[in-house]
Amino acid sequence: MTTADGTIHVRLARPEDADAVEALDSSFTTSTVYRAAISEDGFTLREVPVDPPLTKVFPEEEPDGGDDDPDCPVFLAVDADGALAGFVAVSYGSWNRRLTIWNIAVTPEHRGRGVGRALMSRAEEFARERRAGQIWLEVTNVNAPAIHAYRRMGFSLCGLDTSLYEFTPAAGEYALYMSKLCP
């Protein structure tokens, strides 16, 4: 696949790729975040500016033991020089025919150049192979750049959890759930 910055090859991760995936910089800076107005009957979201801009650095995650499960693959985007440009980790639930995007990240130097779209396209291909009915993901309300990208890729808001991050370093943020029908 050719992206705005050259050729990107998307492939299945191998065990020797684990260190590069773990070291990938998934931090971001944004000048807007989403705030929820919650009422008895639901909620509305509003994008609001933040000044100074917010920089988010995600903490290291603990291993979940699912890395070797063939139904929970990790796909890598590798640039023409062989450097890791990004990755997407997915899983498929046959009981509800849902493909879950567990994690997707693109290196700062490759953002805005189609790498995320290439990774999401590979995730969608995997979803079609499994006959998934929908694709689902969770994103923090402060990651406005990702929310914008997901919307451009056809995802719609389908839920909110104000307590998911409560006892984590992200306390005060909340989870937005987005989904789309599998093409």
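Predicted model: local features only at pLDDT ≥ 70, side-chain atom pairs only at ≥ 80, totals over all residues.

Biologist: Why is Leu157 called partly exposed?

Modeller: Its relative accessibility is 32%. Buried would need under 20% and exposed over 50%, so at 32% Leu157 counts as partly exposed.

Biologist: And what makes the nonpolar surface patch that includes Leu157?

Modeller: Ile38, Phe43 and Leu157 make the patch, about 250 Å² of it. Residues in a patch need over 30% relative accessible area, and Leu157 has 32%.

Biologist: How do you know whether Asn143 is buried or exposed?

Modeller: Its relative accessible area is 11%. The cut-off for buried is under 20%, so Asn143, at 11%, is buried. Asn143 belongs to the loop between β8 and α3. Setting aside neighbours within four places in sequence, Asn143 is in contact with Phe28 and Phe58.

Biologist: Which residues of α3 are buried?

Modeller: Ala144, Ala146, Ile147, Ala149 and Tyr150. Their cover includes β3 (28-39), β4, β7, α2, β8 and β10. After α3 comes Gly154, with a positive phi near 100°.

Biologist: What is Tyr150 in contact with, leaving aside its neighbours within four places in sequence?

Modeller: Ile104, Met120, Leu137, Val139, Phe155 and Met178. Tyr150 is also among the residues with the most contacts inside the largest nonpolar core, along with Leu99 and Ile101. That core has 33 residues.

Biologist: Which elements each supply at least two residues of this core?

Modeller: β5 (74-79), β6 (84-93), β7 (98-106), α2 (115-129), β8 (134-140), α3 (144-152) and β10 (175-181). The largest share is from α2, with six residues. There's a second, separate core too, of seven residues, including Leu76, Val78, Leu84 and Ala105.

Biologist: On to the backbone. What makes Arg97 stand out?

Modeller: Arg97 isn't a glycine, yet its phi is positive, about 55°. You'll find Arg97 in the loop between β6 and β7. Its relative accessibility is 43%; with the limits at 20% and 50%, Arg97 therefore counts as partly exposed.

Biologist: Why is Arg131 called exposed, then?

Modeller: Arg131 has 65% relative accessibility. Exposed means over 50%, so Arg131 at 65% counts as exposed. Its phi is positive as well, near 60°, in a residue other than glycine. Arg131 is in the loop between α2 and β8.

Biologist: What kind of peptide bond runs from Asp51 to Pro52?

Modeller: A cis one, with omega near 5°. Pro52 is in strand β4 (residues 42-56).

Biologist: Last topic, confidence. What is the mean pLDDT of the chain?

Modeller: The mean is 91, and 91% of the residues reach 70 or more.

Biologist: Where does pLDDT stay under 50?

Modeller: Over residues 63-68. The model has one contact beyond four places in sequence for that stretch.

Definitions and conventions. Residues numbered from 1 in each chain as written. Heavy atoms only, no water. pLDDT = per-residue confidence, 0-100. Contact = heavy atoms within 4.5 Å. Core = buried A, V, L, I, M, F, W, Y, C linked by side-chain atoms within 4.5 Å. Buried < 20%, exposed > 50% of the residue type's maximum accessible area, 1.4 Å probe, protein only. Helix = DSSP H or I, 4+ residues; strand = E, 2+ residues; numbered from the N terminus. Patch = residues over 30% accessible without salt bridge, like charges linked within 9 Å, V, L, I, M, F, W, Y side chains within 5 Å. Areas by Shrake-Rupley, 256 points an atom, 1.4 Å probe, with all protein chains shown as cover. Salt bridge = Lys/Arg side-chain N within 4 Å of Asp/Glu carboxyl O.
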